Amino acid sequence: PDDTLTWAETRGRLLPFLQWFKAHFPYDRGTCGSCGEQASFVGVVRPSVRERKHAAYRAELWHCGACGGRRLFSRYTSVPKILQTRQGRCGEYSQTM
């Protein structure tokens, strides 16, 4: 018997998972953690010793012009840490698949 799924069957199986993933692991768009406004990218900084322990290879510094808040976004490569923080972009989330 042919166990190959059609595109419609594959999509039907994947779509619920992808919708769940999108709801529980939102894509980081550089918003301010304090007020929710769009922050501006300042630059890349060296991750802390603690962040490097969890395989952060760099950290991004963001500044909010609306409230003056600053935010550090660590770019982790450790799957358990990515799943714990639930923060990422394509680079982080591709590692979890």
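Between helix H2 (49–53) and strand S2 (56–63) there's a loop, and Ala-55 sits in it. This is a predicted model, and in it Ala-55 has a positive phi of about 65° even though it isn't a glycine. That's worth a second look, because most residues other than glycine have a negative phi. Arg-86 is another non-glycine residue with a positive phi, near 55°. You'll find Arg-86 in the loop between helix H3 (79–85) and helix H4 (90–96).

Here are the two side by side:

| Residue | Phi | Relative accessibility |
|---|---|---|
| Ala-55 | about 65° | 29%, partly exposed |
| Arg-86 | near 55° | 35%, partly exposed |

Now for the inside. Which residues make up the largest nonpolar core? There are six: Phe-21, Phe-25, Ala-56, Tyr-76, Ile-82 and Tyr-93. Take Ala-56 from that set: leaving aside residues up to four places away in sequence, Ala-56 touches Pro-47, Glu-51, Ser-74, Arg-75 and Tyr-76.

Next up is helix H1, which covers residues 7–24 and has 18 residues. From first C-alpha to last, H1 reaches 25 Å, close to the 26 Å expected at 1.5 Å a residue. H1 does bend, by about 30° at Leu-14, and Pro-16 follows within four residues.

Definitions and conventions: Residues are numbered from 1 along each chain as its sequence is written. This is a predicted model: local features need pLDDT of at least 70, side-chain atom pairs count only at pLDDT 80 or more; totals for chains, interfaces and linings use all residues. Side-chain values use heavy atoms; hydrogens and water are left out. Helices (H or I, at least four residues) and strands (E, at least two) are DSSP runs, numbered from the N terminus. The expected span of a helix is 1.5 Å times one less than its number of residues. The bend at a residue is the angle between axes fitted to the seven residues ending there and the seven starting there. A nonpolar core is a set of buried Ala, Val, Leu, Ile, Met, Phe, Trp, Tyr and Cys residues joined through side-chain atoms within 4.5 Å. Buried means under 20% relative accessible area, exposed over 50%, partly exposed in between (1.4 Å probe, protein chains only). Contact means heavy atoms within 4.5 Å.
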